[in-house]
Amino acid sequence: MDIFINDIIAAAIGFTFYFPLGMAYLWMTGAIYYRLHWEWGSPLPDNPPELSSYEGLSILVPCFNEAKQVEETLASLLDQDYPNFEVIAINDGSSDNTLQILYEIAAREPRLRVINLMENQGKAMALRMGALMSPHEFLICVDGDVLLDRHACRWIMHHFITGPRVGAVTGNPRIRNRSTLLSKIQVGEFSAIIGLIKRSQRIYGRLFTVSGAVAGFRKKALHICGYWNTDMVTEDIDISWRLQLNYWDIRFEPNALCWILMPETLRGLWRQRVRWAQGGAEVFFRYFKHLFSWHKRRMWMVYVEYCVSAFWSYMLVIVFCLWLLGQIITLPPHLHIVTIIPGWTGAILCMSCLIQFAVSLFIDNKYERNVGRYYYWMIWYPMLYWIINVTSTFVGIPKAILKRKGKRATWISPDRGLH
């Protein structure tokens with residue numbers, strides 16, 4: 001029996017090493033193939049394709065206490081290089097002067113319409129209201145702190161015009177606040193982790209989620225799916241899964257650039273990552289039954305990747321707790337973890353991590369010049385962000401399980417960084 005338990009413990013410890021190693025090379029392989037298949041020789045972001053038709057487009061901007069950012073955001077949206085669009089700003093019960101600013105801009109800009117919700121209803125409800133008030137078939141949804149590249153709409157619309165089964169197109173968010181170590185690491189994270197994952201998932205069949213910061217939608221697809229659910233913490237993950245479970249395609253467009261603000265404090269980053277972890281778990285549990293449907297098989301890899309990554313997070317926490325407990329009391333030999341200080345396995349992981357960052361930053365250099373200078377900051381990523389992401393998953397999944405069903409998911413002002 002002890003031998004069996006020893007084998008299980010050894011396998012668990014081995015899994016905590018081999019899983020991130022395997023995923024790193026899986027993501028790199030998929031991203032390199034994506035780069036060669038779709039990005040090699042493609043135009044630069046400032047040279048978008050001419051479209052066969054310029055369908056009407058509504059840009060939806062849900063706003064909650066965005067007084068500091070909303071003028072700059074709307075200026076970037078109204079400057080879009082697209083001939084047939086409007087902007088709909090939805091004030092979701094802001095307690096600052098966001099609504100006043102929106103009305104002042106709308107008074108001098110006829111392409112801007114303002115919807116005012118008297119109470120905070122949540123981002124999903126704000127997007128619903130904007131979609132229902134839009135006269136157009138195509139929507140692009142952006143956050144209230146986003147600076148959208150002026151050619152992004154044409155890049156996104158290219159997919160809708162050429163692909164009748166495309167239900168959504170996710171853009172390519174970039175970090176614009178870079179004054180702290182946390183923000184510098186996030187520049188690399190969005191390239192090395194998020195950008196790499198989206199490219200590889202696109203190759204393997206299905207995306208885990210569109211970006212909440214910038215994403216385009218076909219209204220017909222949204223209508224069939226029932227629009228955004230108002231009881232999900234992360235409405236972007238939820239709508240992504242429902243679109244794909246209803247056989248709509250989601251594409252990643254790296255040329256659709258936008259610039260976003262991210263947390264620059266540990267407290268803000270922690271709250272963000274717990275919300276992401278809780279939202280992913282909520283979506284997984286709600287649509288778990290589809291895992292057993294042959295017709296939904298193209299989503300299987302997304303399910304499996306989520307399950308295994310969540311299991312890895314818990315195993316890492318358990319290994320750390322066993323090591324910590326072993327420093328206090330004497331554990332049975334099969335439960336004793338000698339050290340958590342990386343040995344040769346840690347060296348391999350670090351080397352693979354640096355290779356992954358190098359590949360991703362090389363790919364992303366096309367979209368952001370000199371992004372490679374953040375390469376040297378990424379040595380801190382495994383030490384800092386793995387701890388935050390693992391522990392946030394450990395906390396977020398129980399929060400999803402214990403959350404009261406049907407409870408409206410309202411929002412609070414996020415951490416916009418030190419600015």
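**Labels and their grounds**

Modeller: The chain exposes about 19000 Å², and carbon and sulfur atoms supply 64% of it. Such accessible areas come from the Shrake-Rupley method with a 1.4 Å probe; for residues, only the protein chains shown count as cover. This is a predicted model, in which local features need pLDDT of at least 70, side-chain atom pairs count only at pLDDT 80 or more, and totals for chains, interfaces and linings use all residues. Residues are numbered from 1 along each chain as its sequence is written, and side-chain values use heavy atoms, with hydrogens and water left out.

Biologist: What makes the chain as compact as a globular protein of that length?

Modeller: Start with its make-up: 12 helices and eight strands. Helices (H or I, at least four residues) and strands (E, at least two) are DSSP runs, numbered from the N terminus. The radius of gyration is 22 Å, close to the 22 Å that the globule rule gives for 419 residues, so the chain is as compact as a globular protein of that length. That radius is taken over C-alpha atoms, and the rule is 2.2 Å times the number of residues to the power 0.38. Along its principal axes, the C-alpha trace spans about 75 × 50 × 50 Å.

Biologist: How much of the chain counts as buried?

Modeller: Of the 419 residues, 57%. Buried means under 20% relative accessible area, exposed over 50%, and partly exposed in between (1.4 Å probe, protein chains only).

Biologist: What share of the contacts with a separation of 6 or more joins residues 24 or more positions apart?

Modeller: Such pairs account for 84%. A contact means heavy atoms within 4.5 Å.

Biologist: Why is Asn91 called buried?

Modeller: Its relative accessible area is 3%. The limit is under 20%, so Asn91 qualifies as buried. Asn91 lies in strand E2 (residues 85-92). Beyond four places in sequence, it touches Cys63, Thr98, Leu99, Leu102, Ile115, Asn116 and Leu117.

Biologist: What makes the Asn91 and Ser94 side chains a polar contact?

Modeller: The distance is 2.6 Å. A polar contact is a pair of N or O atoms within 3.5 Å; within protein, one must be able to donate a hydrogen and the other to accept it, and residues adjacent in sequence count only if both atoms are side-chain atoms.

Biologist: How do you know on which side of helix H3 its buried residues lie?

Modeller: The buried residues of H3 (residues 98-108) are Thr98, Ile101, Leu102 and Ile105. They cover an arc of only 100 degrees around the axis, which puts them on the same side of H3. The arc is that of the directions from the helix axis to the C-beta atoms. Their cover includes strand E1 (57-63), helix H2 (70-78), E2 and strand E3 (112-117).

Biologist: What covers the buried residues of H2?

Modeller: The cover includes E1, E2, H3, E3, E4 and E5. The buried residues of H2 are Val70, Thr73, Leu74, Ser76, Leu77 and Leu78.

Biologist: Why is helix H5 called largely enclosed?

Modeller: Eight of the 11 residues of H5 (residues 152-162) are buried, so the rest of the structure largely encloses it. Among them are Cys153, Trp155 and Phe160. The buried residues of H5 pack against E1, strand E4 (138-142), strand E5 (147-148), strand E6 (166-175), strand E7 (214-218) and strand E8 (249-260).

Biologist: Cys153 and Cys307: buried, partly exposed or exposed?

Modeller: Cys153 has a relative accessible area of 0%, so it is buried. Cys307 is at 31%, so it counts as partly exposed.
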